[in-house]
Amino acid sequence: MKSLDELKAIRDRMKGQVDIREEGSDATRVVVGMATCGIAAGARPVLTAFSNAVQERDLQNVAVVQTGCIGLCMYEPIVEVYKADGEKTTYVKVKPEMVEEIIDQHIIKGNVVTKYTIETAKLG
Amino acid sequence: MYRSHVLVCGGTGCTSSGSAKIIETLQAEIDKNGLHDEVQVVKTGCFGLCALGPIMIVYPEGSFYSMVKEEDIPEIVSEHLLKGRIVSRLLYQETVTDDGIKALNDTSFYKKQLRIALRNCGVINPENIDEYIGTDGYAALGKVLTEMTPEQVIQEILDSGLRGRGGGGFPTGMKWKLARNIVPDADQKYVCCNADEGDPGAFMDRSVLEGDPHVVLEAMAIAGYAIGANQGYIYVRAEYPIAIQRLEIAINQAREYGLLGKNIFNSGFDFDIDLRLGAGAFVCGEETALMTSIEGNRGEPRPRPPFPAEKGLYGKPTILNNVETYANIPRIILNGAKWFSEMGTEKSKGTKVFALGGKINNTGLVEVPMGTTLREVVEEIGGGIPNGKKFKAAQTGGPSGGCIPAEHFDVPIDYDNLIAIGSMMGSGGLIVMDEDNCMVDIAKFFLEFTVDESCGKCTPCRVGTKRLYEMLDKITKGQGTLEDIDKMEELCYYIKANSLCGLGQTAPNPVLSTLKFFRDEYIAHVVDKKCPAGVCKDLLQFTIEKDKCIGCGMCAKQCPANAITRTDYIAPGKKLAAFEIDPAKCVKCGACIEKCKPGAIYKK
């Protein structure tokens with residue numbers, strides 16, 4: 001290593017990974033239901049996709065965590081997004097390919113992706 | 001990429017309570033559940049709560065599992081890591097509240113702490129240089145080599161107000177300035193790190209080396225640039241195998257990355273570091289003795305001046321700083337002197353790490369801003385004294401320090417305040433004592449240590465500490481006189497004034513400070529021939545209260561000296577005859593007290 005840029009490259013690559021070890025209560029929380037029902041419906045690839053996407057984009061203050069059964073097993077995999085102000089959005093029957101859109105539209109820009117939410121699913 | 005990181009403490013404390021086995025089992029369970037691509041296991045340095053080890057923390061949730069057992073691992077993996085159900089039963093109970101789990105930083109142990117020197121301990125994997133770089137590691141070295149002159153670096157450290165964390169509290173920037181300027185045409189200079197942590201009860205340097213070894217390497221390179229040295233030595237005691245192993249790994253990784261070696265960051269600056277292992281002599285923590293030992297000679301101090309900044313290692317200008325001092329340097333460079341000098345008290349800036357030990361609930365490592373009171377450290381962070389006992393005194397500064405009695409519980413801790421009340425900061429060992437500790441016995445314990453560790457070069461220390469110890473021994477045996485106390489005091493001042501190095505000059509401190517604050521205990525030993533705390537065996541008498549004795553005979557069975565026999569007396573309401581202790585035969589081991597169900601045996 002002979003330049004600061006090389007050092008910075010390593011730092012940027014590692015930062016997203018080490019940042020996961022910080023605690024912040026003002027964070028946006030992405031909660032993935034990972035009980036037996038969720039796992040059976042395919043929640044694990046969804047969880048991994050969220051986790052990777054957050055780290056790849058180096059999103060600050062976004063925590064991807066698991067939870068148990070949310071109680072709506074028929075709608076699994078369920079993902080709940082809690083913004084810092086406490087507002088909750090519930091996405092249902094989430095697939096890994098929907099993750100990009102939820103991150104870009106909702107978590108970064110703040111526009112809820114209504115077509116995937118539980119309200120839409122119930123209407124349909 | 002990993003969605004979850006499981007951090008397991010690999011410091012000495014948790015390693016001795018079995019964390020290596022925990023890591024192995026954890027990894028196996030994770031593999032078994034097919035989670036190895038999703039969950040990363042990281043072995044870190046010390047979290048500080050050594051009393052609750054082995055410690056494990058799971059991110060992103062930040063769930064803090066304490067006293068983890070091997071058999072709990074499958075449950076943690078299948079419930080928490082796979083299904084996301086935190087196993088609250090196994091959490092550190094202070095983090096569990098009625099409405100869920102509170103953050104670790106909100107618990108009383110961590111709330112008042114401010115971690116600068118320890119900021120990476122328990123957060124990164126010390127054996128992975130990339131993780132250190134990921135937390136801004138080596139950015140400070142990059143900054144000084146590309147943007148700052150050596151004079152600017154020294155000025156920054158001077159402005160920060162950082163003082164040596166090894167005990168004396170000498171301003172670090174001043175030391176560097178002297179070493180840079182005092183011999184203008186020196187052909188060779190050295191940067192040394194004092195990792196010969198020898199105070200009984202102090203283990204912060206070990207924890208920094210184990211948890212964040214790169215911070216010391218980076219800071220030494222910065223120091224080398226500032227004073228104009230290209231070689232560094234870390235003098236670390238051989239009793240710290242984990243620290244040595246991680247330092248070796250760190251040095252090799254830094255060399256591989258070109259962060260040590262020739263032409264660092266293309267700046268033309270060369271710097272390399274080697275380890276020197278110490279055999280564990282306490283005197284080698286003294287700077288001149290340490291350097292003599294690095295040179296390969298018997299570790300003995302020499303008179304100063306000349307100070308090491310002028311004539312140090314191999315006769316060349318040398319700076320020697322303590323591990324914790326170095327751990328502050330990169331942060332000061334990155335955040336600025338102003339940031340650092342805003343913390344702490346007027347003359348003591350920044351934070352200080354304390355190793356809490358003795359009669360305290362949360363044994364472990366804490367870092368607090370200078371000026372925090374002893375009460376906050378002991379009662380809030382330390383969780384108070386076990387079994388509802390009363391705080392009697394805290395010992396700081398190890399064998400060179402003194403006792404702080406309860407009346408000074410609210411004194412803000414900094415270098416000058418501690419000296420004003422007859423103790424010293426030392427390296428930061430803080431041993432808490434309760435009403436069951438005899439202060440004469442404590443003084444004797446520390447003197448026994450200094451007698452053992454005196455190198456023998458100068459007479460005041462070699463002979464003086466021995467005589468002092470003998471007088472203390474006499475007093476604990478009930479053979480002391482009031483004249484002995486006066487003589488002891490006189491001898492203390494003589495040793496302080498005439499010893500060659502810091503070891504002798506401070507060795508009488510434990511005696512002087514206990515005499516100052518607990519003279520009545522000395523008087524009790526000498527005049528009443530009693531030990532008020534019930535520690536000094538020769539002054540104790542074990543007796544059985546006959547009316548309480550149920551005659552079960554458990555005490556007699558336990559007695560190794562056959563000193564307990566049955567009498568003819570049957571207490572009212574009891575069925576069997578009571579026992580009694582023959583004081584002539586009793587060896588005062590206390591085995592009978594432990595076994596006595598009705599609590600009929602007393603020591604007085």
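## Charges over rings

In this predicted model, the charged end of Arg29(A) is placed over the ring of Tyr82(A), at 5.7 Å from the centre of that ring.

## A hairpin in chain A

Tyr82(A), whose ring lies under the charged end of Arg29(A), falls within the residue range of strand S3 (residues 79-82) of chain A, and this strand is joined by 4 bridges to strand S4 (residues 88-91) of chain A, the two running antiparallel. Within this pairing, Val79(A) has Tyr91(A) in S4(A) as its bridge partner. The two strands S3(A) and S4(A) form a hairpin with 5 residues between them, and in its turn Gly86(A) has a positive phi of about 95°.

## Domains of chain B

The domain assignment divides chain B into domain 1 (4-103), domain 2 (129-340), domain 3 (351-434), domain 4 (439-528) and domain 5 (541-603). Between the C-alpha centres of domain 1 of chain B and domain 5 of chain B there is a distance of 48 Å.

## Aromatic pairs

Over all chains, a search of the whole structure finds 12 aromatic pairs. One of them is formed by Phe47(B) and Phe64(B), whose ring centres are 6.2 Å apart and whose planes stand at 80°, so the pair is edge-to-face. Phe47(B) is located in the loop between strand S2 (39-44) and strand S3 (56-59) of chain B, while Phe64(B) belongs to strand S4 (residues 63-65) of chain B, so the pair ties together parts that are 17 residues apart in sequence.

Phe47(B) and Phe64(B) are both buried. Ring pairs also bring in Tyr92(B), so that a cluster links Phe47(B), Phe64(B) and Tyr92(B).

## Strand S14 of chain B and its partners

Strand S14 (residues 391-396) of chain B is mostly covered, with 6 of its 6 residues buried. On the one hand, S14(B) pairs in the antiparallel sense with strand S16 (residues 429-434) of chain B over 5 bridges, and in this pairing Ala394(B) stands opposite Val432(B) of S16(B).

On the other hand, S14(B) is joined by 4 bridges to strand S15 (residues 402-405) of chain B, and these two strands also run antiparallel. Here Thr396(B) has Gly402(B) in S15(B) as its bridge partner. The hairpin made by S14(B) and S15(B) has 5 residues between the strands, and in this hairpin Gly397(B) takes a positive phi near 80°.

Glu324(B) is found in helix H13 (residues 323-335) of chain B. Why does Glu324(B) count as buried? Its relative accessibility is 1%, and a residue is taken as buried when that value is under 20%. Although Glu324(B) and Ser207(B) are 117 residues apart along the chain, their C-alpha atoms are separated by 9.7 Å.

## Cavities

A search of the whole structure finds 3 cavities of 30 Å³ or more, and the largest cavity has a volume of about 100 Å³. This largest cavity is lined by 14 residues, of which the closest to its centre are Cys559(B), Cys586(B), Lys588(B), Cys589(B) and Cys592(B).

How values were computed
Residues numbered from 1 in each chain as written. Chains lettered and ligands numbered in written order. Predicted model: local features only at pLDDT ≥ 70, side-chain atom pairs only at ≥ 80, totals over all residues. Heavy atoms only, no water. Domains from an automatic or database assignment. Phe/Tyr/Trp six-rings, centres within 6.5 Å; stacked < 30°, edge-to-face > 60°. Buried < 20%, exposed > 50% of the residue type's maximum accessible area, 1.4 Å probe, protein only. Lys NZ or Arg CZ within 6 Å of the ring centre and 35° of its normal. Pairing = 2+ DSSP bridges. 1 Å grid on protein atoms, 1.4 Å probe; cavity = no way out; pocket = protein on both sides within 12 Å on 5 of 7 lines; lining within 4 Å. Points joined across faces, edges and corners; volume = space filled by probe spheres on them.
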